[in-house]
Structures are given as C-alpha cells and as structure tokens.
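Me: I'm new to this one and would like to know what the labels rest on. Could you walk me through it?

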Amino acid sequence: MKKSLILLLLITCTMTVYGQRMYKNQSSLQFSYGIIDGNYSAGTIGLQYSMYKNIGQVIAGVEYSFLKSKYELEDIPYSQFIFSAGYLFRIVSNYKRSIVFSAGLCASGAYESIKSNLGDGKVISEESKFLYGIIPQISLDFFLSRKMALALLVKEQLYFNSSISTNHFFAGFGIKYLIN
C-alpha cells in the first residue's frame, strides 16, 4: 500500500501543467492585416471577436478593405466596410493546443463605396451599395504564450451582388489575444 501511494504521488508530481487554451466560453480579440487578390496596394485591416465552443469557435468581426479595379487604363479606387459572423471548426491541433488548424464559413454583409469621379473628368455610373455574401476561411494559429497567438489567415470573400468584383482572395496574418 505504501509503495502504491508513493508511486501515485511521484506520477502526479512529475506531470506538467499547461495553461488552458481554447476552452469552452473563453473569448479572444484578433487584429488582422492582409493583402487582397495578390495586390500589395490593396489590403484589409480587421478586428474579430471569438468565443470558443466545444469543437470550434463562434466569430464576429469588422473589416475595412481598400481595393482598386481596372477600367480601361485606369485604376478605380473603392473600399468595402465588412461585417461577418460565422463558425470555425477546429480541424486538427497538437496535444498542448499550441498549434491549431481551423476551417469554417461566415455570413457577410458589406457596404461598397466607389469613387465615381476620375481625374480626367470621366464619371463611373456604378453606385455605392450594400453587399451580401459568404466567406469560407481557414486559420492556422500558433500560440506564442498562454494569452497571445499568431494567426495565419486565408479567406475567399464571395459577394453575390457586387457590380465590380464578386470574389476576393485574402491572405494575411493576425495577432490574437485571449481575454479570459
């Protein structure tokens, strides 16, 4: 009996304890930046809130995208103010959850603002309007500490009623801070 108790005490004392990450009802804030359609002069900055659930996370975020579209020989600047909400499923992670791969889908609403007057007197007939669509996305999170993570993000923004471009490929990174 005494040997069993000593063995049990030895096993429990040598176990390593890690900080809890991504447990149920834990939340995080993420600031992100990335490029759109492989164009370094077009990009997105965003802020996202996440609430972790059993097998994934509920997300809601806002983004501002600045883009350019080719028309004849000119670039037409336009911007999008985006709100999205959805769910990311945890696909795979290591034992300590220091590296996590997630994939999911978001519903999205946006306002597209088009600069209608060009420098040479031409006027664009398209008007600014509200957009709706979906955003499939994947995320690879690398936890740097108990509260901080670096996220690599890939998204495809699909807007069904945009007159300029119905889809945009986004690649970027984010800094995630776990709140509680």
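This is a predicted model: local features need pLDDT of at least 70, side-chain atom pairs count only at pLDDT 80 or more; totals for chains, interfaces and linings use all residues.

Me: What makes V58 a case of its label, at 36% relative accessibility?

Reply: With 36%, V58 falls in the middle band, so it is partly exposed. V58 belongs to strand β3, residues 56-71. V58 and L88 are 30 residues apart in sequence, yet 6.6 Å apart in space, C-alpha to C-alpha.

Me: How do you know which residues G46 is in contact with?

Reply: Contact means heavy atoms within 4.5 Å. Leaving aside neighbours within four places in sequence, G46 is in contact with Q30, F31, S32, V62 and E63. G46 is part of strand β2, residues 39-52, and at 8% relative accessibility it is buried.

Me: And why does E63 get its label, buried or exposed?

Reply: E63 has a relative accessible area of 11%, so it is buried. This residue is in strand β3. Not counting residues up to four places away in sequence, E63 touches T44, I45, G46, Q80, F81, I82, K155 and Q157. The C-alpha atoms of E63 and F83 are separated by 6.6 Å, with the two residues 20 apart along the chain.

Me: How many aromatic pairs are there, and why is the one between Y64 and F66 given its name?

Reply: The count comes to five aromatic pairs. The ring centres of Y64 and F66 are 6.2 Å apart and the planes meet at 35 degrees, so this pair is tilted. The rule is that rings of Phe, Tyr and Trp (its six-membered ring) pair if their centres lie within 6.5 Å; planes under 30 degrees apart count as stacked, over 60 as edge-to-face and the rest as tilted. Y64 is partly exposed at 31%, and F66 is partly exposed at 28%. Y64, F66 and F81 form one aromatic cluster.

Me: What about Y132 and F160, which kind of aromatic pair do they form?

Reply: Tilted too: Y132 and F160 are 5.9 Å centre to centre, with 50 degrees between the planes. This pair links distant parts of the chain, with Y132 in strand β6 (residues 129-143) and F160 in the loop between β7 (148-159) and β8 (167-178), 28 residues apart. Y132 has a relative accessible area of 48%, so it is partly exposed, while F160, with 52%, is exposed.

Me: How do you know that K155 lies over the face of F170?

Reply: A charge sits over a ring if NZ of Lys or CZ of Arg is within 6 Å of the ring centre and within 35 degrees of the ring normal. K155 is at 5.1 Å from the ring centre of F170 and lies over its face.

Me: What makes a space a cavity, and how many of 30 Å³ or more are there?

Reply: On a 1 Å grid over the protein atoms alone, a cavity is a set of points where a 1.4 Å probe fits but cannot get out, and lining residues have an atom within 4 Å of a point. The search finds three cavities of 30 Å³ or more. The largest has about 50 Å³ of space, and its lining includes Q30, L88 and K155. Strand β6 gives the most to that lining, with three residues.

Terms used. Residues are numbered from 1 along each chain as its sequence is written. Side-chain values use heavy atoms; hydrogens and water are left out. Buried means under 20% relative accessible area, exposed over 50%, partly exposed in between (1.4 Å probe, protein chains only). Helices (H or I, at least four residues) and strands (E, at least two) are DSSP runs, numbered from the N terminus. On a 1 Å grid over the protein atoms alone, a cavity is a set of points where a 1.4 Å probe fits but cannot get out, and a pocket is an open set with protein on both sides within 12 Å along at least five of seven lines; lining residues have an atom within 4 Å of a point. Grid points are joined across faces, edges and corners, and a volume is the space filled by probe spheres set on the points.
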